[in-house]
Amino acid sequence: MQTPIATTRSATGIPTGRLAIWWVVASEIVIFGGLLLSYVMHRIGHPEWAIAQAHTHTFVGAFNTFVLLTASFTAVKGHEAAEKGDGKKAAKFLYLTMGGACLFILVKSLEWTSEILEGYTIQANGFWAFYYTAAGLHALHVIAGAIVIFFVARDAAKGRNLQRVEYVGIYWHFVDIIWIFLFPLLYIAK
Amino acid sequence: MSEQDRDTHQHHPDYWKIYVALVILLAISVVGTFSGILWITFIMAFGVALVKATLVAENFMHLKWEKVIAKWVLGIALILMVLFFAGVSPDIMKDRGLQWVNNADLAATARGIPDEEEPEKGAPASAPDSTKAAAATQTAAAAPAAAPFSPETTFKTVCAACHGPEGEGNGPGAAALNPKPANFTDPAFWTDKTDSVLEKAIRQGGASVGKSSAMPAWGSILTEAQAKQMVAYLHTLKGK
């Protein structure tokens, strides 16, 4: 099969695929950064949100942070394996990352279910609106990541497209970083 | 994988060490919440978040070894985003300026503060309250046609958040306010007041009579006649 020119040519010295991922991350910075900064500004303007925020579960949030950090760790181990040409090992690590993503979503669903049953819906007040929007957009990214990681891992297991292990990892670490900020914003700064 | 890719990307630090550092940092940010001291919690939470994010970006995303242009791409996106939001921040973070008062925002603040009766029932303080306040708003607005307007009920549902259920100026919202909401039971409050000024304060907000704009305007839910009745009701609180 002929390789597309864009894959081999690079003006920046960065492989094109990886450069594309950096652009994705840059646009995500604007999306999430905007959302988080809006939240911070509203939160400062509304001291009474503290009453609502007191109901978030710090330990659930902390556990999910741990899950994401671990999933990032396995993703970068996969990257290391891929660079050594060991696609099988890379795939194993990526499947672990995918498992982390699923665990994260599972915990998140249980958390949200209990909160919604208690009456804290997205319409309850400004705090909960931000809570569900920010964490929800993040959760969508986790789900998207899990799906893409699955396909990349399946390829990598057959020794194909190993460079993609790194690219999907960069995206995944970024999703991790978003949560690193969401966690103190929503669960700790009460 | 291209050749140059190999050249720039053979760096693999000890990921275990970084992972362990990240988990320890996470533990620190959670422990910070137990101190109960606000600024310690904040520094531990956000300082730690910055360190964690840097560790992940540099080592896991390999930004440390990436070509500088990638950092420019990310940095410019970050700076433009922060600039834009910093520009609008005064409008969002404040509820009043020299020339303006955001009454809707103040009213939202008042609604977000739960009633005295049911703060600890395990029931969501904020959710039913906001609906209740909204309902109170509607009944007050629809009052002339439907149920007769009761200044007392309106006061207890709408004004009590700041002025307190007995009008002593000690509602749950009062803590965050300076100057404090008026204390209608205090005879000193009444010494220099005329009814028309009070009616104006109620319908057009504190700022309209030279008082604090933390006193929202209620003209949208109280007619002139109702404001009159409200002032009459406030008189009955005097000296209680």
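How many residues of chain A are in contact with chain B, and how many residues of chain B are in contact with chain A? In this predicted model, 58 residues of chain A are in contact with 61 residues of chain B. Between them the two chains bury about 5,300 Å², and 75% of this area lies on carbon and sulfur atoms. On the side of chain A, the residues A:W22, A:M41 and A:E83 supply 13% of the area that this chain buries against chain B, more than any other three residues.

Polar and charged pairings across the interface were examined next. Under the rule applied, 1 salt bridge is found between chain A and chain B, and 5 residue pairs are in polar contact across the interface, with both residues at pLDDT 80 or more. The salt bridge joins A:R18 to B:E66, with the closest N and O atoms 2.8 Å apart. The elements of chain A that give two or more residues to the side touching chain B are α2 (16-45), α3 (49-53), α4 (58-83) and α7 (163-188); the largest share, 15 residues, comes from α2(A). Sorted by class, the side of chain A that touches chain B has 33 nonpolar, 16 polar and 9 charged residues.

The residues of α7(A) that make the contact are A:H173, A:D176, A:I177, A:I180, A:F181, A:P184, A:L185 and A:I188, while α3(B) contributes residues including B:T41, B:F46, B:L50, B:K52, B:V56 and B:F60. By class, the residues of this contact divide into 14 nonpolar, 2 polar and 2 charged.

Helix α7(A) also packs within its own chain, against α2(A), at an angle of about 10° and with the axes 10 Å apart; these two helices are therefore roughly parallel to each other. From α2(A) the contact draws on residues including A:R18, A:W22, A:E28, A:F32 and A:Y39, and from α7(A) on residues including A:E166, A:Y171, A:F174, A:F181 and A:L185. The contact of α2(A) with α7(A) has 17 nonpolar, 1 polar and 3 charged residues. Two of the residues of α7(A) named here, A:F181 and A:L185, take part in the contact with α2(A) and also in the contact with α3(B). In α2(A), A:R18 belongs to the contact with α7(A) and forms the salt bridge with B:E66, whereas A:W22 belongs to that helix contact and is one of the three residues that together supply 13% of the area buried by chain A against chain B.

Over all chains, the structure holds 11 salt bridges. One of these joins the side chains of A:E111 and A:K108, at 3.4 Å from N to O; both residues lie in helix α5 (residues 87-117) of chain A, 3 residues apart, or about one turn of the helix.

Two features of the backbone were also noted. Most residues other than glycine have a negative phi, and most peptide bonds are trans. The residue A:N161, although not a glycine, has a positive phi of about 50°, and A:N161 is found in the loop between α6 (126-157) and α7 of chain A. In chain B, the peptide bond from B:N178 to B:P179 is cis, with omega near 0°, and B:P179 is located in the loop between α7 (151-163) and α8 (187-190) of that chain.

Terms used
Residues numbered from 1 in each chain as written. Chains lettered and ligands numbered in written order. Predicted model: local features only at pLDDT ≥ 70, side-chain atom pairs only at ≥ 80, totals over all residues. Heavy atoms only, no water. Contact = heavy atoms within 4.5 Å. Buried area = accessible area lost by both parts, 1.4 Å probe. Salt bridge = Lys/Arg side-chain N within 4 Å of Asp/Glu carboxyl O. Polar contact = N/O pair within 3.5 Å; in protein donor to acceptor, adjacent residues only side chain to side chain. Helix = DSSP H or I, 4+ residues; strand = E, 2+ residues; numbered from the N terminus. Nonpolar A, V, L, I, M, F, W, Y, C, P; charged D, E, K, R; others polar. Axes fitted to C-alpha atoms, helices over the stretch in contact; angles between N-to-C directions. Parallel < 35°, antiparallel > 145°, perpendicular 65-115°, else oblique.
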